[in-house]
Amino acid sequence: KCTISTTVSGLSPKTVTGTVLQYTVNGLSPYVNYTVECTSSNGEDSCDSHTNTIRMPSAVPSGSPLNLRTVPLSKSAILIWDPPAEKDQNGVMIGYLIKYQISVDPSSQMTRTVGALLLIVMELDLMLTW
């Protein structure tokens, strides 16, 4: 018998019987630590348990950056934002994909990848709405 338990609320301990040597735990969240405990039993007695702690890998954020602000300058603009809410980050934030375009011309789209919480866009045509 193997009992699997977790320190995260919302997941109930599971018991598997028979000659099971592997068990898949579903419903785990990204970038969360879980403790797994396994105890063998012959139905009469149990031996000491073995415990292992794992951290689930990061996943794509489930939320968008927050509070996007723009500061127009003479031929450039500064874009500033806050990271997604902590519960929506699903791991360590390592970068942001920024897209901008002339409002009436989708073919003018520019894409930048940045690791900071701001981007300075240079050489904008002041006669156009971005």
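The model is predicted: local features need pLDDT of at least 70, side-chain atom pairs count only at pLDDT 80 or more, and totals for chains, interfaces and linings use all residues. Residues are numbered from 1 along each chain as its sequence is written, and side-chain values use heavy atoms, with hydrogens and water left out.

**Overall fold**

The chain has 1 helix and 9 strands. Helices (H or I, at least four residues) and strands (E, at least two) are DSSP runs, numbered from the N terminus. Along the sequence, the pattern reads β-β-β-β-β-β-α-β-β-β.

Contact means heavy atoms within 4.5 Å. Take the contacts with a separation of 6 or more: 45% of them join residues 24 or more positions apart.

The accessible surface is about 9500 Å², and 55% of this area belongs to carbon and sulfur atoms. Such areas come from the Shrake-Rupley method with a 1.4 Å probe; for residues, only the protein chains shown count as cover. Buried means under 20% relative accessible area, exposed means over 50%, and partly exposed lies in between (1.4 Å probe, protein chains only). Of the 130 residues in the chain, 19% are buried.

**The core**

In soluble globular proteins, nonpolar side chains tend to be buried together. A nonpolar core is a set of buried Ala, Val, Leu, Ile, Met, Phe, Trp, Tyr and Cys residues joined through side-chain atoms within 4.5 Å. The largest one here holds 8 residues: Leu79, Trp81, Tyr96, Ile98, Tyr100, Val114, Leu119 and Val121. Strands β6 (77-82), β7 (96-102) and β9 (118-121) each give two or more residues to this core. The largest share, 3 residues, comes from β7.

Look at Trp81. Beyond its neighbours within four places in sequence, Trp81 contacts residues including Leu66, Arg69, Tyr96, Ile98, Val114 and Leu119.

**Salt bridges**

Side chains of opposite charge can pair when their charged atoms come close. A salt bridge is a side-chain nitrogen of Lys or Arg within 4 Å of a carboxyl oxygen of Asp or Glu. The whole structure has 2 salt bridges.

| Salt bridge | Distance, N to O |
|---|---|
| Arg69 and Asp82 | 3.6 Å |
| Asp88 and Lys87 | 3.2 Å |

Arg69 lies in strand β5 (residues 66-72) and Asp82 in strand β6, so the pair ties together parts 13 residues apart in sequence. Arg69 is partly exposed, at 35% relative accessible area. Asp82 is also partly exposed, at 27%. In the other pair, Asp88 is buried at 17%, whereas Lys87 is exposed at 68%.

**A buried serine**

Ser108 sits in strand β8 (residues 105-114). Its relative accessible area is 13%, so Ser108 is buried. The side chain of Ser108 reaches the backbone oxygen of Asp105 at 2.6 Å. Leaving out residues up to four places away in sequence, Ser108 touches Tyr100, Gln101 and Ile102. Tyr100 is also one of the core residues.

**A surface patch**

Val20, Tyr23 and Val25 make a nonpolar surface patch of about 220 Å². Patches are made of residues with over 30% relative accessible area and no salt bridge: like charges are joined within 9 Å, nonpolar side chains (Val, Leu, Ile, Met, Phe, Trp, Tyr) within 5 Å. Tyr23 is in the loop between β2 (14-16) and β3 (33-38). Tyr23 is partly exposed, with a relative accessible area of 37%.

Note on methods: Polar contact = N/O pair within 3.5 Å; in protein donor to acceptor, adjacent residues only side chain to side chain.
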